[in-house]
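Let's take a walk through this assembly together. Have the coordinates open in your viewer as you read.

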Amino acid sequence: MSREALVNNGPITEKPKNLGELLTAIFKNVYVLYAISIICFLLLWDTMAVMKVLGRFLPRPVEVLYQLYDMLVNPLAGKTLMLHLWFSLRRVLIAFVIAVAIGVPIGLLMGFSPYFNAFFKPVFDLFKPMPPIAWISLAILWFGIGETSKIFIIIIGAVVPCIINSYNGIRLVDPELYDCIRMLGGNQRQEVVEVTFPAAFPAIFAGIQISLSMAWTTVLAAELVGAREGMGFIIITGMNQSKPAMIISGMVVIALTAWAISLVVTHLERWVCPWKTNLE
Amino acid sequence: MEDKSGVKKPKIECVNISKFFGEGQEKIHVLDTIDLAVKENEFIVVLGPGQSGKSTLLKIIAGLYKPSTGKAYLDGKELTHPGPDRGIVFQRYTLFPWKTVMGNVEMGPKLRGVPRKERRGLASRYIDLVGLKGFEKAYPHQLSGGMKQRVGIARAYVNNPKVMLLDEPFGQLDAQTRYFMEEETVRIWETEKRTVIFVTNNIEEAVYLGDRIAVLEGKMPGKLKKIYDVNLPRPRDYTDPAFLELRHTITEETELTL
Amino acid sequence: MSDKQSAGSKIILKVLPYLSLLSVLAIWELVVDTGVVPNTLLATPIQVIELFFYKLTHADPDGSVLLIHALTSIGEALTGYVLALAIGIPLGLLMGWFVVAEGLARPIFEMIRPIPPVAWIPLAIFWFGIGLTGKAFIIWASGMVPCVINSFVGVRMTNPVYIRMARTYGASDWEIFRKICIPSALPMVFGGLQVALAASWTALVAAELIAADTGLGFLITMGRRLLMPDMIVLGMLMVGLTGVIIGVIIDRVEKRLVAGVRR
């Protein structure tokens, strides 16, 4: 059954005549399928765990749930799960703010001044293909294994999308908008204030969005650098103590947080760019 | 504007305008020695097929392009830069997507530093004139093509320009809306008389709207072929025999197949 | 903008990029040579180049010559990458057209999508060991996400007029999927190849930093353990450079394939 047939023939509006049609209607419903999918996934996972397909390193879903509950209530290395999450989030937020404060102005300058762009872009292109994780060793060498090197690594990861999107946002403004504002009597300063900034804003905002999720992705890598708290610490501890349930519950919390972040940012975007058409 | 001899000077005058784009091998000759004079409060239509350089001519008058040779004048003063004494309406509407209808229309006065209350009143008047009352708070992406172009017209009018420049403004509209917008254009122009230069590739539209029609030759570079006077009473009727005859004449004489 | 610039500024704009790279190298060299930044913290460009030539032929002090490191990394990355393409693209295409496929695959995909590659490392090691399989798994997990998303969006963006026309002519769901949806999704699919490569390459470095005995990521880790900043920088530059080279090759292949599709 294809999507287009579902939309055009509208099986939901017609009353099913017999049991067969009723069943087809149920199985065409996306939400029913979602539920089936999740149930099957959990069943498959549980079966694999019970049959020990991956050795003793795949816990049952129930064990993961119990581990989550346990970490929420009983502290691990002196801190509960929420506190660990908070430490990771704090690092992400600090590095994210610094990355935006550095990246957006650089991107804007690159967009505004062809000279600055010609000077800066080769250096940027040189550093861009190096993944933030590759900086871990240098960061440790320079800043030790303290908080600074973690923040540094996250900044490296988060600053790139800010620069790229701010630069492209300025560069890709519809030139006819400039014609328009000049015909309306705008001077050079007004061109920047009334056209360049608002026109580039959605792209810049999108860059900040990507930057935030990049920061959240990178914090784990940063916390591999000997952290005493945070989500990365939980995962490393799970690895050192051979507790896969701890690792998986860490991953669950990380995924949930990433999901929550993107939800918040999407709502924020609707609020700050109400003119942006909703693209499916 | 009358000088001492009592002869009316043209409002807009193009003298010997040519335009080239590019350099060397890729040099393209777009306009060839155009001479054109437009009287005050006259509605002149520049008619030509695609690639005839008609939009380029309009943008030279707007001051957005510099002519390669020749000069364009407004009230005897040479036009070198864009400015609010000419209002422009673009084919692609080119509204500010982050501004509401009100925000778009009040942009001109805002740039001049007119206080908020005053410019709101001014903008409201023109939003009313183009028939968009009640849509002040809508964003461009919520409007239909015809409504977007109404905003474009109001935005140009609100600056009280001496000349209105319209660059194929209804080229992206469907036929029905197009007829309606042509009627509206005449109504607005009759309420607020201005010198209008209207660029189009549609003969019917040209005959319906223009006091005079300046026809540009089809192939590059664009040359002024002939100027027709349209002595038909307004409001005009698309099916009037005199209307159809003029339309036929222009079609025959200019080999425009539109 | 272009007719505003004079000939002089055009020349300046052409020279500036080279000037910029040269001055960055010069400042880097000077900062270390004059002792502003101690040599134990940062190697000079010249030291890095010297080490590069040394490592071309010498296996010590980390156990393998440079080429072996690079080839190991490329081999691991490509294994995971090819697996990601082979599974991710068909899955995304199917999810884009068939409601059942989307309904069944989407929840699982949405669960796995936000997990960063680094988070997979411990499980990958437990399940598959620190050899090729474990690393390929990590790379596969992170390379697959953009493959699925791009193929999915590509199918969704198929012009509905074509689909309706095909349906009028009596084409079946499967025929429409094969003959209309897949070809029109191809540009998006190709766009995903580069994104997936970048994701895979990042994941590779993550995987190698944790557990490896050869590879470019391992070179970086060894540089830290041996306190050799020149080796760290060399490893980083090699990671960047190799990533760019693979990217260019894929871009070439992609252009040729797209040209073939257009024809």
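Predicted model: local features only at pLDDT ≥ 70, side-chain atom pairs only at ≥ 80, totals over all residues.

Now look at where A meets C. Here 50 residues of chain A are in contact with 58 residues of chain C. The size of an interface is often expressed as the accessible area lost when the parts come together. For chains A and C, about 5,100 Å² is buried between them, and 80% of it lies on carbon and sulfur atoms. You will find 0 salt bridges between chain A and chain C, while 5 residue pairs are in polar contact across the interface, both residues at pLDDT 80 or more. Several helices of chain A each supply at least two residues to the side that touches chain C, among them α3 (30–51), α10 (188–223) and α12 (244–272). Sorted by class, that side of chain A has 40 nonpolar, 7 polar and 3 charged residues.

Next, turn to chain B. Its strand β1 (residues 12–21) runs antiparallel to β2 (residues 28–38), joined by 7 bridges, and B:Glu13 stands opposite B:Ala37 of β2(B). These two strands form a hairpin with 6 residues between them, and in the turn B:Gly22 has a positive phi of about 80 degrees. β1(B) also pairs with β4(B) (residues 69–74), again in the antiparallel sense, over 5 bridges. In that pairing, B:Ser18 has B:Thr69 as its bridge partner.

Definitions and conventions:
Residues numbered from 1 in each chain as written. Chains lettered and ligands numbered in written order. Heavy atoms only, no water. Contact = heavy atoms within 4.5 Å. Buried area = accessible area lost by both parts, 1.4 Å probe. Salt bridge = Lys/Arg side-chain N within 4 Å of Asp/Glu carboxyl O. Polar contact = N/O pair within 3.5 Å; in protein donor to acceptor, adjacent residues only side chain to side chain. Helix = DSSP H or I, 4+ residues; strand = E, 2+ residues; numbered from the N terminus. Nonpolar A, V, L, I, M, F, W, Y, C, P; charged D, E, K, R; others polar. Pairing = 2+ DSSP bridges.
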